[in-house]
Amino acid sequence: MNALLALARERTPQDPAVARAAVHDILQLSQTMRIRIPLEEKRKLCRSCFNYLIPGVTSTVRVRNGRVIVRCASCGAVNAIRARCPLA
């Protein structure tokens with residue numbers, strides 16, 4: 001799975017079709033083999049169009065009302081993540 005994640009990360013700017021196929025395979029493997037995707041990597045995968053999300057390239061990131069909102073640039077799917085405030 002780590003090899004597929006690395007492939008998707010490297011190929012997204014040059015060859016998005018290969019990256020999408022890798023993301024699709026990652027999501028299928030995690031469901032069929034019941035393998036958890038690390039949380040940091042899971043948040044970088046668009047589940048509706050199988051795009052690898054890179055801020056500023058394939059996604060936009062905004063912070064609103066204590067949430068980090070990630071929007072996919074190709075399909076428009078939105079993922080809201082609760083932002084954690086650092087301890088002062």
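The side chains of Glu41 and Arg9 come together in a salt bridge, with 3.3 Å from N to O. The term stands for a side-chain nitrogen of Lys or Arg within 4 Å of a carboxyl oxygen of Asp or Glu, and by this rule the count comes to one salt bridge. The pair links distant parts of the chain, since Glu41 sits in helix α3 (residues 39–42) and Arg9 in helix α1, 32 residues apart.

How do the two partners compare in exposure? Glu41 is buried, at a relative accessible area of 13%, while Arg9 is partly exposed, at 38%. Here buried means under 20% relative accessible area, exposed means over 50%, and partly exposed is what lies in between, with a 1.4 Å probe and protein chains only.

## Ground rules for this model

You are looking at a predicted model, in which local features need pLDDT of at least 70 and side-chain atom pairs count only at pLDDT 80 or more, while totals for chains, interfaces and linings use all residues. Residues are numbered from 1 along each chain as its sequence is written, and side-chain values use heavy atoms, with hydrogens and water left out.

## The overall layout

The protein chain has three helices and three strands, and from the N terminus on these elements run α-α-α-β-β-β. Helices (H or I, at least four residues) and strands (E, at least two) are DSSP runs, numbered from the N terminus. Along its principal axes, the C-alpha trace spans about 40 × 30 × 20 Å.

Of the 88 residues in the protein chain, 25% count as buried. The accessible surface comes to about 6400 Å², and carbon and sulfur atoms hold 52% of that surface; accessible areas come from the Shrake-Rupley method with a 1.4 Å probe, and for residues only the protein chains shown count as cover. Among contacts (heavy atoms within 4.5 Å) between residues at least 6 apart in sequence, 30% join residues at least 24 apart.

Which residues make up the largest nonpolar core? There are nine: Leu5, Ala8, Ala22, Val23, Ile26, Leu27, Ile37, Leu45 and Tyr52. Helices α1 (2–11) and α2 each supply at least two residues of this core, and the largest share, four residues, comes from α2. A nonpolar core is a set of buried Ala, Val, Leu, Ile, Met, Phe, Trp, Tyr and Cys residues joined through side-chain atoms within 4.5 Å. In soluble globular proteins, nonpolar side chains tend to be buried together.

Leu27, one of the core residues, touches Ile37, Leu45, Arg47 and Phe50, not counting residues up to four places away in sequence. Apart from this core lies another, of six residues, among them Cys49, Leu53, Val70 and Cys72.

Cys72 is in no disulfide, as the nearest cysteine sulfur, that of Cys49, is 3.6 Å away.

Cys72 is buried, with a relative accessible area of 3%, whereas Cys75 is partly exposed at 38%.

## From the surface to strand β1

Leu29, Met33 and Ile35 form a nonpolar patch on the surface, with about 260 Å² of accessible area together. Patches are made of residues with over 30% relative accessible area and no salt bridge, where like charges are joined within 9 Å and nonpolar side chains (Val, Leu, Ile, Met, Phe, Trp, Tyr) within 5 Å. Leu29 lies in helix α2 (residues 16–32) and is partly exposed, with a relative accessible area of 32%.

Arg20 is also found in helix α2 and counts as partly exposed, at 34% relative accessibility. Arg20 touches Cys49, Phe50, Asn51 and Ser74, not counting residues up to four places away in sequence. Ser59, in strand β1 (residues 59–64), is buried at 3% relative accessibility.

Definitions and conventions:
Disulfide = S-S within 2.5 Å.
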